[in-house]
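This briefing concerns aromatic ring geometry and helix packing. Please consult the sequence and the structure shown below alongside the points that follow.

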Amino acid sequence: MTARVVRRPRAGLTGWSRFCCCGVSTFNSGTENKRRASGEERKRERERKAVAEISLLFIGGSAVVRLISSVCEASGPRLSGVALVRGFWGLLDSGVALLSRGYCCRFMPLFALSLVWLPSWRKDGELRFEGGGLVVDLEAVAKNGVLGSGGEKLELKKMIEELDLCDVPSVFICPISLEPMQDPVTLCTGQTYERSNILKWFSMGHLTCPTTMQELWDDSITPNKTLYHLIYSWFSQKYLQMKKRSEDVQGRVSELLESLKKVKGQARVQALKELHKVVVAHASAKKTVVDEGGISLISSLLGPFTSHAVGSEVISILVNLPLESDAKTNLMQPAKISLVVDMLNEGTIETKINCTKLIELLMDVKDFNSEIVSSLSLLVGLLRLIKDKRYPNGTSAGLCLLKTICSHKQVRNLVVNIGAVPQLVELLPSLNPECLEWALFILDALSTLPEGRQALKDCPHTIPNVVKLLMRVSESCTQYALSILWAVCKMAPEECASVAVEAGLAAKLLLVIQSGCNPVLKQRSAELLKLCSLNYTATIFISKCKLTRTIQ
């Protein structure tokens, strides 16, 4: 038995009904060989139609339901959902576009009906707007109030803040703030905005539409309820998916923590690797590790007999977790620090970087004992990491840790003794601005020691390399550079002043004095300029300034 095909609408129908029936008959002509539906399929069809009528009544009112019913009666009792949707498709044009033009209250019920009745568009419980890629779960929509009233509703503002999505459909975005709308309203021009944003626009004296710049002939705003329901449903679905993923992640983290108590060898390494991936990817995993005492469990795996494979994975996890003071105290045990130092010298570049990050985290405690980092092996490994130009990330991580170490006066002498000063001076021309500031901070800190000043003076590239950085990077770099130059020139004015002047120091100092920088820097520049001029007559010194060449 085949479905009866209606090729033209019945007489007596006018207006939209006649137009819709024409569309139905046009697209229904290809259903001659439609298979006979089973009893179960007919039951599902009746259920879909009932849901559709409820949605139409909720969104569009009884007039829309009567219109659809008249079309169905004119086209026969076995009217397919595909034919009905296609009959109205020209009227809808694009559901997403109509939303943005403010026509959703009139036409979106029809579009919603098409989504309910069109099985080919439905996959895995999801409904898709082909016009804009919008995905709406029908059950979630019904539960959250679009197709009826449900349980307790989530707060839209809370969902938007927690999700922080970057792939929000453009029709959900307010053109003024470029943020998802929470209370969309439509102007007489058909454009939709967030209520608070458009009211602020009006309060500034504007009587135009912000998007089209048309003058408004009616300043009233109409709540766009249909768009609000779609926004709410879309964010609800994403929020519930996020919560479900979070629950799955938390369960997996608990399983991994339990397995770490039992497994050993390669199985332990694999469990740690998986835990590291989960912790890096999900914030909820970090919370689960902390709540279930995972930090102490993971820290206990570090010891004198721990292999580097296990140790590197443990450290990669710990640097991604929030460590409390008790956990840091536990990690500062000599056996654990010794293992970290060994891996800093012998591990892969990723392991070395993680070791520097972990040591820096451990130093961020009150009353830190500097003897922990007063290890020759640690400082040598750190300096080797900094000098390796193949890995800029390693240089950055190493300088950051060395800067923290040099803030402790007790360790500075050891840093000078391992030859850090000339090696850092040689690196200055190749560093990026952030690393430059750290390196100059370290050299400035070391210049407070007699041994540090002597090392700076003995390095032939100290004055030329540091002079080039004046007024080049930042005010902080200029401040550190001036302090270093002052320390060196003060130590041996006759020997160093002439080298500094030949390197262009006088011209740079004049630029600092004439700039709008810190008055303290200007005062230090004037003192240094006076120091450099002691060995010259006024005429010769002025000629040595080379101001024009310096500016160029």
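Tyr-228 and Tyr-232 are about one helical turn apart, because four residues separate them in helix H10 (residues 225-260); helices are DSSP runs of H or I with at least four residues, and strands are runs of E with at least two, numbered from the N terminus. This is a predicted model, in which local features need pLDDT of at least 70 and side-chain atom pairs count only at pLDDT 80 or more, while totals for chains, interfaces and linings use all residues. Residues are numbered from 1 along each chain as its sequence is written, and side-chain values use heavy atoms, with hydrogens and water left out.

**Aromatic pairs**

- Four aromatic pairs are present in the structure; rings of Phe, Tyr and Trp (its six-membered ring) pair if their centres lie within 6.5 Å, and planes under 30 degrees apart count as stacked, over 60 as edge-to-face and the rest as tilted.
- The pair of Tyr-228 and Tyr-232 is tilted, because the planes stand at 35°, with the ring centres 6.2 Å apart.
- Tyr-228 is partly exposed at 23% relative accessibility, whereas Tyr-232 is buried at 2% (buried means under 20% relative accessible area, exposed over 50%, partly exposed in between, with a 1.4 Å probe and protein chains only).
- Trp-234 and Phe-235 form an edge-to-face pair, because their planes lie at 85°, with the ring centres 5.1 Å apart.
- Trp-234 is buried at 4% relative accessibility, and Phe-235 is buried at 1%.
- Phe-172 belongs to one aromatic cluster with Trp-234 and Phe-235.

**Helices H19 and H22**

- Helix H19 (residues 392-406) packs against helix H22 (residues 433-446) at an angle of about 30°, with the axes 9 Å apart; axes are lines fitted to C-alpha atoms, for helices over the stretch in contact, and angles run from 0 to 180 degrees between N-to-C directions.
- The contact (heavy atoms within 4.5 Å) involves residues including Leu-399 and Lys-403 of H19 and Trp-438 and Phe-441 of H22.
- Lys-403 lies over the face of Phe-441, 4.8 Å from the ring centre; this requires NZ of Lys or CZ of Arg within 6 Å of the ring centre and within 35 degrees of the ring normal.

**Helices H16 and H17**

- Helix H16 (residues 334-346) and helix H17 (residues 349-363) pack at about 145°, with their axes 8 Å apart.
- Among the residues that meet are Ile-337 and Leu-344 in H16 and Cys-355 and Ile-359 in H17.
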